[in-house]
Every structure is written in C-alpha cells, then in structure tokens.
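This briefing sets out the main features of the structure shown below, grouped by topic. Please read it alongside the sequence and the model.

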Amino acid sequence: FDSTRGYTAEAGILGPVDLASHTVTRDVGYMGEPQYRRANASWRLVQRVQERIEWEARIERGEAHVRNSQLEPALAEFEDALSCTASMEGRAVAMIGIAEVKRRFG
C-alpha cells in the first residue's frame, strides 16, 4: 500500500502471495500546479467549493441590489449566479431571484 502523498508511477503494493500478478493503472489527472492540485478527485472538490462560494457571493450581491432597488445590477448578479452553478438548488434560487426582479420591472 502506497500511503505517501503524491504519485509514484511504480509504487510497490503488497498483496496475497498465492494470487497472480494484478496491475491497476492509476489516473490521478494532474492539472496545472501539482503542489496545489494533487489529484483529480480532490481538485474537483476544490472546484465545487469555489463554485459554491462564488454562487453565494453573487446571490448575496443580487439580494443587496434588490433591497436598494437597483434592479439591473441585481438581474445581472442573479444571471451570473445561474450560469456559475450546476446544482439544481442553486439554479432554482437564482431563477427565483431573476423572476422577482423581472416582476419588479413590470
């Protein structure tokens, strides 16, 4: 078992002696700067968290614009929030914000 951080192409793995050789290829999917982006799965998690943070910021800015009756900037923020998330919950909240602004436009 290779328990070290990082990736070694020829990592030794111990297994049962009585079984035939078995090779498992690993695709860790390095992307960009390896010191920050270790493996594809962890990088996807980082992307999801960043997407959520950006989405929340856009929704909060949109709601602040609505409170200040700044409808055009609010609409832009909600549309940006809609485009930056893939989750159904996030898209629904952004669409509700868009609908509220459009109702106020008349």
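Arginine 104 counts as partly exposed because its relative accessibility is 46%, where partly exposed lies between buried, under 20% relative accessible area, and exposed, over 50% (1.4 Å probe, protein chains only). Its side chain meets that of glutamate 100 in a salt bridge, with 3.4 Å from N to O; a salt bridge is a side-chain nitrogen of Lys or Arg within 4 Å of a carboxyl oxygen of Asp or Glu. This is a predicted model, in which local features need pLDDT of at least 70 and side-chain atom pairs count only at pLDDT 80 or more, while totals for chains, interfaces and linings use all residues. Residues are numbered from 1 along each chain as its sequence is written, and side-chain values use heavy atoms, with hydrogens and water left out.

**Salt bridges**

- The structure holds four salt bridges.
- Glutamate 100 and arginine 104 are four residues apart in helix H3, so about one helical turn separates them.
- Glutamate 100 counts as partly exposed because its relative accessibility is 27%.
- Arginine 58 and aspartate 80 form a salt bridge through their side chains, at 3.4 Å from N to O.
- Arginine 58 belongs to helix H1 and aspartate 80 to helix H2, so this pair ties together parts that are 22 residues apart in sequence.
- Arginine 58 is partly exposed, with a relative accessible area of 22%, and aspartate 80 is partly exposed at 34%.
- Glutamate 77 forms a salt bridge with arginine 61, and their closest N and O atoms are 3.2 Å apart.
- Because glutamate 77 lies in helix H2 and arginine 61 in helix H1, this pair ties together parts that are 16 residues apart in sequence.
- Glutamate 77 counts as buried, with 14% relative accessibility, whereas arginine 61 is partly exposed at 39%.
- The C-alpha atoms of arginine 61 and phenylalanine 78 are separated by 8.6 Å, and these residues are 17 apart along the chain.

**Overall architecture**

- The protein has three helices and zero strands; helices (H or I, at least four residues) and strands (E, at least two) are DSSP runs, numbered from the N terminus.
- From the N terminus on, the order of the elements is α-α-α.
- Of the 106 residues of the protein, 18% count as buried.
- Among contacts between residues at least 6 apart in sequence, 36% join residues at least 24 apart, a contact being heavy atoms within 4.5 Å.

- Helix H1 has 28 residues and reaches 41 Å from its first C-alpha to its last, close to the 40 Å expected at 1.5 Å a residue; the expected span is 1.5 Å times one less than the number of residues.
- Trp43, Trp55, Ile59, Gly62 and Val66 are buried in H1, and the buried residues of this helix pack against H2 and H3.
- The largest nonpolar core has 13 residues, and those with the most contacts inside it are Trp55, Ile59, Phe78, Ala94 and Val101. A nonpolar core is a set of buried Ala, Val, Leu, Ile, Met, Phe, Trp, Tyr and Cys residues joined through side-chain atoms within 4.5 Å.
- Two or more residues of this core come from each of helix H1 (40–67), helix H2 (71–83) and helix H3 (88–105), and H2 gives the most, with six residues.
- Tryptophan 55 touches Ala81, Cys84, Thr85, Gly90, Val93 and Ala94, when residues up to four places away in sequence are not counted.

**Nonpolar surface patch**

- Leu45, Val49 and Ile53 make a nonpolar surface patch of about 280 Å². Patches are made of residues with over 30% relative accessible area and no salt bridge, with like charges joined within 9 Å and nonpolar side chains (Val, Leu, Ile, Met, Phe, Trp, Tyr) within 5 Å.
- Leucine 45 is found in helix H1 and counts as exposed, at 54% relative accessibility.

**The loop between H1 and H2**

- Serine 69 lies in the loop between H1 and H2.
- Phi of serine 69 is positive, near 60°, in a residue other than glycine.
- Most residues other than glycine have a negative phi.
- Serine 69 is exposed, with a relative accessible area of 56%.

Definitions and conventions. Accessible areas come from the Shrake-Rupley method with a 1.4 Å probe; for residues, only the protein chains shown count as cover.
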